[in-house]
Amino acid sequence: MKGNEAIAHAAVRCGCDGYFGYPITPQSEIMETLMELEPWNTTGMVVLQAESETSSINMVYGAAGCGKKSMTSSSSPGVSLMQEGISYIACGELPCLIVNVMRGGPGLGTIQPSQADYFQSVKGGGHGDYKLITLAPASVQEMADHTVLGFDLAFKYNTPVLLLADGVIGQMMEKVVLPPFQPRWTEEEIRAKSPWATLGKPDNRKPNVITTLALEAEEMETINLRLQSKYREVEKNEVLFEEFSCEDADYVIVAFGTSARVCQKAVEMARAEGIKAGLLRPITLYPFPTIEIEKLAEKVKGFLTVEMSAGQMVEDVRLAVNGRVPVEFYGRMGGIVPSPDEVLSALKTKIVN
Amino acid sequence: MTTAEIINPANLVYVKPKLLNDKPMHYCPGCSHGVVHKLIAEIIEEMDMQEKTIGIAPVGCSVFMYKYIDIDWQQAAHGRAPALATGVKRLLPDRLVFTYQGDGDLAAIGTAETIHACNRGENITIIFINNGIYGMTGGQMAPTTLNKMKSSTCPTGRNVELNGNPLDITKLLAQLDGTCYVTRQSVHNIGNTRKTKKAIQKAFENSMAGKGTSVVEVVSTCNSGWKMTPEASNDWMVENMFAKYPLGDLKNE
């Protein structure tokens, strides 16, 4: 099935309570699949088409504030529109899943795939100091797996999680093993798991209030410090990456999502020519595999970062490498997917020679 | 009458609603918010709905509403309260869910969220405080500011050519198929306050009966923003606001 369809199936199966979305290419199959599945007749999951991405992210805010497993999905321009709500959700420490199937920008751009929302995703696209745990699937299987993982991480840390795919992963068809069905949480389970949830105030507790307002600067700094200490825990515990032929590599390519698939082929081609190349694929873009890149920087001669953008993740690779060896960049923009030949050629001209 | 006689339960004619917290309100003397808050607290208590109610607070003067009524609350971004309420009510259909919004929140930045929540017929209640001005930010022009009415961003009075017309959004909401009850009330005297209480109670009952969206507009004063005494504000509201925003039911199905 398609990557987008895998997300829809995985959401129903992992006990998602509510999906709120607005159509936008190249991810509309997520809501279309959900509407065909009619999960309100089986698991009881609610699926609602909102009037805008602004509204859908705020419906997610409301649902997440009740401790419910809720999600939305969109593509780049729509995710830009959601940034206000994402900032509130991060500050309100509400767990939810946001899917961005990236397309080329800026502006209305193109419906072709892109990775140019990296900065928006991992540096905080909305206002204020917050982070989104950002998962970068590179296959249809990972679209399904990361939907489940995304909710797990969201509820582990009470924070929004972003599943950052691109138009290729959303649209391509591959075999996929869907996750097993899990029942939706009962209200008793939600009260135990998320005692802060606004489910209505019984006599035996104080009111639960979801708010992001603190007029006193000291109070607001305390909230910020709490968020930052949570992010340090996330950075310590949740880094995910995959290495391919890195053990004896002289040169390492760093790439995520669709670019990583292209680069894996380029690494195989380089190896066939006797160039000892390897690939490091960050699976979590935030938290970033900084320590692993630092370790590789001790033993390799150079890095090439490949992205479908003007070069965004390359900044984080350079920060990790910290000048030890050269870090070069190769990328295509506006919806173009680089070919393995192009990547191999960039590796040779920018790094090897 | 001695103090002991006055506090004798048999002689009590009024008690503060249990759900109204013992917390001094930050509202200016003469503001309508406090009265409407009290009505909401009374109604939830009388309907025995504390355990089943989730309120959505707006951005504006009533942003701190969650401090005053002893129920669960979510505080929304500016204008987004109906979207939050939709998310809550869809996933908790047996709960009483209401938003409380000012004119800037509901009729300017949140127009889309308001219209579409009403058009979908979400089983929520929207309480709309219309004082024709942005109170919290210091008296700027609102979508409901009357023609020729002065504010800090139309200091010589609202000029239609420059600022456009005042928006009667409640009339617009009454035309939508998703609304079941749309009414306009006020709380400037005892009689009207009682009518407002009845209206909010009816709206809450509609929400629980799944009849669609109920909208209760309360035409209100902002004496600080209007730069008048509370008493003069009431008189000015009756004379000017009621002419553009007449009281009564716009829809009652």
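Let's start where the two chains meet: 29 residues of chain B are in contact with 33 residues of chain A. Keep in mind that this is a predicted model. On the chain B side, β1 (53–57), β2 (72–75), α3 (81–91) and α5 (111–120) each put in at least two residues. The top contributor there is α3(B), with 8 residues. Sorted by class, the side of chain B that touches chain A has 14 nonpolar, 7 polar and 8 charged residues.

The chains also share some strand pairing. Strand β7 of chain A, residues 209–210, is joined to β2(B) by 2 bridges, and the two strands run parallel. If you want a spot to look at, find A:Val209, which stands opposite B:Trp73 in β2(B).

Now for chain A by itself. Its domain assignment gives domain 1 (3–187) and domain 2 (242–352). The C-alpha centres of these two domains of chain A lie 27 Å apart. Their contact takes 25 residues from domain 1 of chain A and 21 residues from domain 2 of chain A. On the domain 1 side, α6 (118–122), β5 (133–135), β6 (160–166) and α8 (167–171) of chain A each supply at least two residues. The largest share of that side, 4 residues, comes from α6(A). The residues of the side of domain 1 of chain A that touches domain 2 of chain A split into 15 nonpolar, 7 polar and 3 charged.

Chain A also has an open sheet of 5 strands, in the order β8-β10-β9-β12-β13, with mixed pairing. Which strands stand at the edges? They are β8 (241–244) and β13 (327–331) of chain A, and each has a single partner strand, so one side of each is left without a neighbour in the sheet. From one strand to the next, the twist averages 20 degrees.

Further in, β9 (residues 251–254) and β12 (residues 302–307) of chain A pair in the parallel sense over 4 bridges. One pair to look up here is A:Val254 and its bridge partner in β12(A), A:Thr305.

| Helix of chain A | Strands of chain A it lies across | Angle to β12(A) |
|---|---|---|
| α13 (residues 313–321) | β9, β12 and β13 | about 160 degrees |
| α14 (residues 340–352) | β9, β10 (277–282), β12 and β13 | about 145 degrees |

How values were computed:
Residues are numbered from 1 along each chain as its sequence is written. Chains are lettered from A and ligands numbered from 1 in the order in which they are written. This is a predicted model: local features need pLDDT of at least 70, side-chain atom pairs count only at pLDDT 80 or more; totals for chains, interfaces and linings use all residues. Domain bounds come from an automatic or database domain assignment. Two residues are in contact if their C-beta atoms, placed from the backbone, lie within 7 Å. Ala, Val, Leu, Ile, Met, Phe, Trp, Tyr, Cys and Pro count as nonpolar, Asp, Glu, Lys and Arg as charged, and the others, Gly among them, as polar. Two strands pair if DSSP finds at least two bridges between them. Axes are lines fitted to C-alpha atoms, for helices over the stretch in contact, and angles run from 0 to 180 degrees between N-to-C directions.
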